[in-house]
Amino acid sequence: MARLGNWIEPFPEGIYVKPADAWVDPSQPKERALVTHGHADHARGGHKAVWATPETLAIMDVRYGQQCANPVAYGETVRLGEVEIGFVPAGHVLGSAQIVLDYRGERVVVSGDYKRRPDPTCAPFVVVPCDIFITEATFGLPVFRHPDTGAEIDRLLHRLRHEEGRCVLVGAYALGKAQRVIAELRLRGHHEPIYYHGAMERLCRLYEDLGVPLGELRPVAGATKAELVGRVIICPPSALNDRWSRRLPDPVTAMASGWMRVRQRARQKNVELPLVISDHADWDELTQTIRDIAPKEVWITHGREDALMHWCMLHQVKARELNLVGYEDEEEE
Ligand SMILES: [Zn+2]
Ligand SMILES: [Zn+2]
């Protein structure tokens with residue numbers, strides 16, 4: 001009998017689906033690309049044709065200009081060659097999808113990046129039973145256990161209320177994290193205007209256009225220092241310590257990232273208020289997902305593979321490292 005999944009070929013630059021002659025999240029320009037989500041390390045410009053959810057395509061349009069696009073909504077399928085291809089929510093950012101590949105009775109699911117906890121800005125992860133589950137492992141170590149998001153947001157709001165004459169400046173990745181932090185603040189009852197760095201504007205507007213309400217947002221540009229006292233301000237992580245932030249009233253520097261669990265990283269970035277808010281599965285979510293799906297094999301694309309490989313071995317799940325390159329650590333997501 002042929003080896004399971006022998007029609008899927010991992011290359012350093014991406015996963016090649018041979019009978020569809022298409023690549024999943026290729027890091028180099030290809031004829032046919034199936035794209036899981038809009039983050040730059042998964043969605044690149046320059047492909048001849050792209051299949052992705054309408055939301056991911058809209059994000060790619062903003063970042064790379066008009067794509068030769070084939071939208072596939074959640075729940076729909078397309079056929080390329082002999083392969084039936086479906087897109088199912090991954091719970092990572094708006095439009096993010098797991099790609100479900102069916103070929104001659106075998107099913108392979110490529111998760112892209114994913115998380116299991118609720119996110120007010122995107123559809124929740126759907127468990128799809130399959131033969132091979134291809135997973136990320138960004139936070140694939142038992143030390144990574146993300147705390148409750150609402151509790152992290154409450155810590156932010158507590159600081160905001162108790163720091164007289166200051167503002168709270170939150171560094172957050174421009175796609176996904178920024179909008180999620182804003183939406184989570186609204187869920188915790190913060191309905192004041194939230195101010196943003198100019199780099200956030202287009203994606204925030206796109207989220208709203210695509211039906212994710214973010215409440216009243218105002219640009220920092222044009223606001224007086226006095227107006228910004230007592231406000232939450234969102235900026236890209238790179239702006240936290242640069243000259244731009246000097247115009248702000250004595251900011252409490254915060255950062256929203258799964259990496260804030262690592263104190264050293266927070267210190268390196270001069271982060272006064274680390275917020276452990278991640279769009280990636282933590283250790284428990286990774287292992288629970290493998291349990292829920294119960295695939296015959298797990299293939300691991302990127303992140304900290306070793307511990308997850310070991311866990312799979314202990315739990316009698318066949319596992320394999322793919323060693324893909326070009327997927328970032330996603331330091332800032
Ligand atoms: Zn991502
Ligand atoms: Zn990624």
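Okay, let's start on the outside of helix α4, where R202 and D209 are exposed. Before I go further, one reminder: this is a predicted model.

So what sits on the other side of that helix? In α4, which covers residues 201-209, the buried residues are L203, C204, L206 and Y207. Those four span an arc of only 160° around the axis, which puts them on the same side of α4. And what do they pack against? The buried residues of α4 pack against α1 (54-64), α3 (177-187) and β14 (217-219). After the helix comes G211, and its phi is positive, near 95°.

Next up, strand β18, residues 297-303. Is it enclosed or open? Of its 7 residues, 6 are buried, so β18 is largely enclosed by the rest of the structure. Have a look at its partners. On one pairing we have β11, residues 132-137, which runs parallel to β18 over 5 bridges. In that pairing, T135 stands opposite I300 of β18. Then there's β19, residues 318-321, also parallel to β18, with 4 bridges between them. Here I300 turns up again, with E321 as its bridge partner in β19. To get from β18 to β19, the chain goes through helix α8, residues 305-314, and this β-α-β crossover is right-handed.

K318 and E297 meet through their side chains at 3.5 Å, N to O. K318 belongs to strand β19 and E297 to strand β18, so to speak a link between distant parts of the chain, 21 residues apart.

Take R117 and E285, whose side chains meet in a salt bridge at 3.1 Å, N to O. R117 is in the loop between β10 (106-110) and β11, while E285 is in helix α7 (residues 283-293), so this pair ties together parts that are 168 residues apart in sequence. R117 is partly exposed, with a relative accessible area of 21%. E285, on the other hand, is buried, with a relative accessible area of 8%.

Another one is D154 with R188, where the closest N and O atoms are 2.7 Å apart. This pair also links distant parts of the chain: D154 is in helix α2 (residues 149-162), and R188 is in the loop between α3 and β13 (194-196), 34 residues apart. D154 counts as partly exposed at 33% relative accessibility, and R188 counts as partly exposed at 39%.

Which residues does it link? K115, D119, R180, E184 and D279 are the ones connected by salt bridges there.

E13 is in the loop between β1 (8-11) and β2 (14-17). Buried or exposed, would you say, for E13? With 15% relative accessibility, E13 counts as buried, given that the cut-off for buried is under 20%. Its side chain makes a polar contact with the side chain of K30, at 3.0 Å. If you leave aside neighbours within four places in sequence, E13 is in contact with W23, D25, P26, S27, Q28 and K30. K30 shows up in both places, as polar partner and in that contact list.

Last one: H92. You'll find H92 in the loop between β8 (83-89) and β9 (97-103). H92 is buried, with a relative accessible area of 0%. And what does its side chain reach? There's a polar contact of 3.1 Å between the side chains of H92 and H39.

Then go to α4 and compare the sides, with L203, C204, L206 and Y207 buried and R202 and D209 exposed. That's what I have, thanks.

Key. Residues numbered from 1 in each chain as written. Chains lettered and ligands numbered in written order. Predicted model: local features only at pLDDT ≥ 70, side-chain atom pairs only at ≥ 80, totals over all residues. Heavy atoms only, no water. Buried < 20%, exposed > 50% of the residue type's maximum accessible area, 1.4 Å probe, protein only. Helix = DSSP H or I, 4+ residues; strand = E, 2+ residues; numbered from the N terminus. Arc of directions from axis to C-beta. Contact = heavy atoms within 4.5 Å. Polar contact = N/O pair within 3.5 Å; in protein donor to acceptor, adjacent residues only side chain to side chain. Pairing = 2+ DSSP bridges. Right-handed = clockwise from strand over helix to strand, strands pointing away. Salt bridge = Lys/Arg side-chain N within 4 Å of Asp/Glu carboxyl O.
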